[in-house]
Amino acid sequence: MAERRLTNSIRTLRFMAGEMTQAELGERIGVTRQTIAAIEAGKYSPTLEAAFRIAEVFGQPLEEVFQWGCVNPP
Amino acid sequence: MRNRLKVLRAERNWSQADLAEQLDVSRQSVNAIETGKYDPSLPLAFKIAALFGMPIEHIFFNNDAAQAAE
Amino acid sequence: MAEVRGTARSRYLKRFTLSMIAYAGLLIASVLALEYIEGSELANGPWRFALAVAPSLPLLATIWAMGAYLVDEADEFKRSIVVQSMLWGLGLTLSFTSVWGFLEEFAQVSRFPLYLTFPVFCLCMGVAQFFIWRRYK
């Protein structure tokens with residue numbers, strides 16, 4: 001197994017939740033829109049706490065929101 | 001964040017050093033996480049969950065959820 | 001914290017020790033060399049500056065080694081401790097030099113030797129690191 005990378009389905013979940021904007025999501029969990037944008041784009045790894053809060057907003061298990069998988073499968 | 005790491009570790013008869021070695025982190029790291037003084041990064045939390053074979057939510061608890069459970 | 005194997009920390013300590021030895025050596029050599037060329041034509045040329053600056057190079061190497069440690073260290077908790085210590089060290093050092101600077105400027109207090117800034121930072125960082133480790137015990 002090669003290196004693992006963190007990915008997320010936040011954008012999809014946002015659209016499915018009545019087209020929630022990044023700003024709205026940010027407000028719901030107490031961070032700025034820029035932070036949500038950075039998390040969504042995979043440029044910033046959120047704290048465990050923030051990840052929990054995001055999952056809570058969408059009512060999903062954490063593994064539905066964030067995935068930690070192999071980048072290069074054998 | 002609260003967590004059940006100590007309990008899960010005890011179930012498998014692992015010392016903090018054992019767990020640290022399995023996770024490839026320092027023993028101080030394991031101790032700080034167990035005592036709730038240090039929140040692991042998301043990748044490390046995933047690693048821990050994978051090691052114990054259970055979802056992250058079964059190991060770590062958001063403070064609101066922890067209070068609701070009481 | 002005492003386990004030092006082939007780790008990022010052991011690499012850092014090795015580099016730090018070598019740098020400090022180089023620092024001491026260059027300091028002595030540079031002072032002697034500057035005395036030696038005093039009064040000769042060499043004293044006013046580029047040699048004066050080169051010899052004066054030489055002991056600072058190991059200090060730059062130490063700063064680089066600190067950065068290299070943060071890149072090397074795979075344990076996120078240990079990294080976090082060092083980063084917190086560095087920030088405290090920086091904050092305290094900046095405060096110290098700022099206050100002294102104003103005293104120098106407006107109260108004619110004697111000049112603080114600028115080249116001691118890095119040792120001051122190391123001291124502040126070390127003290128901060130002690131308290132931060134203790135908080136996690």
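**Helix packing and the contact of chains B and C**

Modeller: Buried residues of α5(C) pack against α3 of chain B, and also against α3 (56–72) and α4 (76–107) of chain C. This is a predicted model, where local features need pLDDT of at least 70, side-chain atom pairs count only at pLDDT 80 or more, and totals for chains, interfaces and linings use all residues. Residues are numbered from 1 along each chain as its sequence is written, chains are lettered from A and ligands numbered from 1 in written order, and side-chain values use heavy atoms, without hydrogens and water.

Colleague: What makes C:Trp133 in α5(C) count as buried?

Modeller: Buried means under 20% relative accessible area (1.4 Å probe, protein chains only). C:Trp133 is listed as buried, as are C:Phe118 and C:Ile132, among others in α5(C).

Colleague: How do you know that the span of helix α5 of chain C is close to the one expected?

Modeller: The expected span is 1.5 Å times one less than the number of residues. Helix α5 (residues 117–136) has 20 residues, and its 29 Å from first C-alpha to last is close to the expected 28 Å.

Colleague: How many salt bridges does the rule find across the interface of chain B and chain C?

Modeller: The rule asks for a side-chain nitrogen of Lys or Arg within 4 Å of a carboxyl oxygen of Asp or Glu. Between chain B and chain C it finds zero.

Colleague: Which residues are in the contact, by number from each chain?

Modeller: Contact means heavy atoms within 4.5 Å, and twelve residues from chain B and eleven residues from chain C take part.

Methods: Helix = DSSP H or I, 4+ residues; strand = E, 2+ residues; numbered from the N terminus. Buried < 20%, exposed > 50% of the residue type's maximum accessible area, 1.4 Å probe, protein only.
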